[in-house]
Amino acid sequence: MSLQRINAMTVDVEDYFHVSAFENVIQPSDWSSCKPTVDYNTRRLLDLFDQYETKATFFILGWVAEAFPQLIQEIANKGHEVASHGSNHRRASTQSRDELSTDISRSIDILEQSSGQKILGYRAPSFSIGKKNEWAFELLAELGFMYSSSTYPIEHDLYGTPEWPRFVYQRPEGIIEIPIPTLHSQGKNTGIGGGGYFRLYPYFLSKLRIDKYLKEERQPYSFYFHPWEIDPKQPRVNGASLKSRIRHYINLSRMERKIERLLQDYNWSTMQDVYLIEDRIKPDLVQKNILSNEA
Ligand SMILES: [Zn+2]
């Protein structure tokens with residue numbers, strides 16, 4: 001490993017039956033009858049992170065914490081950051097303020113109880129904060145969050161805020177927003193933060209894109225993925241569209257090795273380590289980005 005910038009490693013802790021791509025075929029009332037894989041797969045990730053002495057931020061679904069409180073305790077005991085991914089994996093953009101408030105509060109309670117940590121970070125399911133529900137940031141501030149990573153400044157059929165800032169910045173509501181990383185060329189942003197594209201592309205291509213970002217933008221990079229992505233043997237979901245199935249199942253068998261290579265090739269830590277210091281925002285980083293985002 002070289003002495004280079006530290007980047008943020010993040011895991012959205014949910015099971016294969018929670019994902020937005022399957023929301024039309026599996027209802028929340030069906031979740032308890034699905035065979036869970038999240039406990040086993042997250043423990044495999046904990047071992048992998050141990051092997052490379054890596055700390056990460058886990059954005060955990062309240063539903064998972066209620067089903068597997070010991071898992072959350074173990075994540076915290078190993079020195080990782082516990083953060084919230086809401087409770088029921090409903091997109092923030094499809095909920096009223098009261099519904100979203102109830103959903104997130106419930107996750108905070110169970111996550112703080114099981115981890116013993118104060119929950120400072122939130123990631124909306126499917127990066128679902130945008131122009132139409134900008135009020136969500138005010139709610140996050142009221143609920144005691146310090147930062148969010150809920151926006152993806154790209155054009156996408158399911159999410160995206162291409163006109164919003166690409167780098168970490170402070171919202172007027174006081175929340176530090178950490179957008180998912182993108183490359184910008186010919187007037188268009190392309191996502192490079194993880195997810196389906198990371199599974200689709202060969203590793204060298206993803207690495208090229210990450211290196212380009214680090215070199216040209218001089219910003220910390222953050223990566224996201226899910227425990228089910230390292231599990232090619234997960235139960236198959238029937239009835240979903242071809243597009244959803246391709247998105248979900250492509251290259252699952254190659255993912256674990258790719259994650260391992262990321263851990264070998266870059267320095268990683270938690271969102272708090274990378275973007276905040278001792279409960280105080282890194283002023284240089286955020287200030288610089290307010291300026292560069294406006295430019
Ligand atoms: Zn999610």
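This is a predicted model: local features need pLDDT of at least 70, side-chain atom pairs count only at pLDDT 80 or more; totals for chains, interfaces and linings use all residues.
Let me begin with the metal. The zinc ion is held by three residues, namely Glu14 through OE, His85 through NE2 and His89 through NE2, with distances of 2.0 to 2.1 Å. Read along the chain, these donors follow the spacing E-x70-H-x3-H. Glu14 and His85 bring together distant parts of the chain, being 71 residues apart: Glu14 sits in the loop that runs between β1 (6–13) and α1 (38–51), while His85 belongs to the loop between β3 (81–84) and α4 (97–115).

I now turn to the backbone. As a reminder, most residues other than glycine have a negative phi. Against that background, Glu53, although not a glycine, has a positive phi of about 45 degrees, and its place in the fold is the loop between α1 and β2 (57–60). Is Glu53 buried or exposed? Its relative accessibility is 73%, and because exposed means over 50%, Glu53 counts as exposed.

The second case is Gln186, again not a glycine, for which phi is positive at about 50 degrees. Gln186 is found in the loop that joins β8 (182–185) and β9 (188–191), and with a relative accessible area of 82% Gln186 is exposed.

Key:
Residues are numbered from 1 along each chain as its sequence is written. Side-chain values use heavy atoms; hydrogens and water are left out. Donors are N, O and S atoms within 2.8 Å of the metal (3.2 Å for Na, K and Ca); water is not among the atoms, so sites may look incomplete. Helices (H or I, at least four residues) and strands (E, at least two) are DSSP runs, numbered from the N terminus. Buried means under 20% relative accessible area, exposed over 50%, partly exposed in between (1.4 Å probe, protein chains only).
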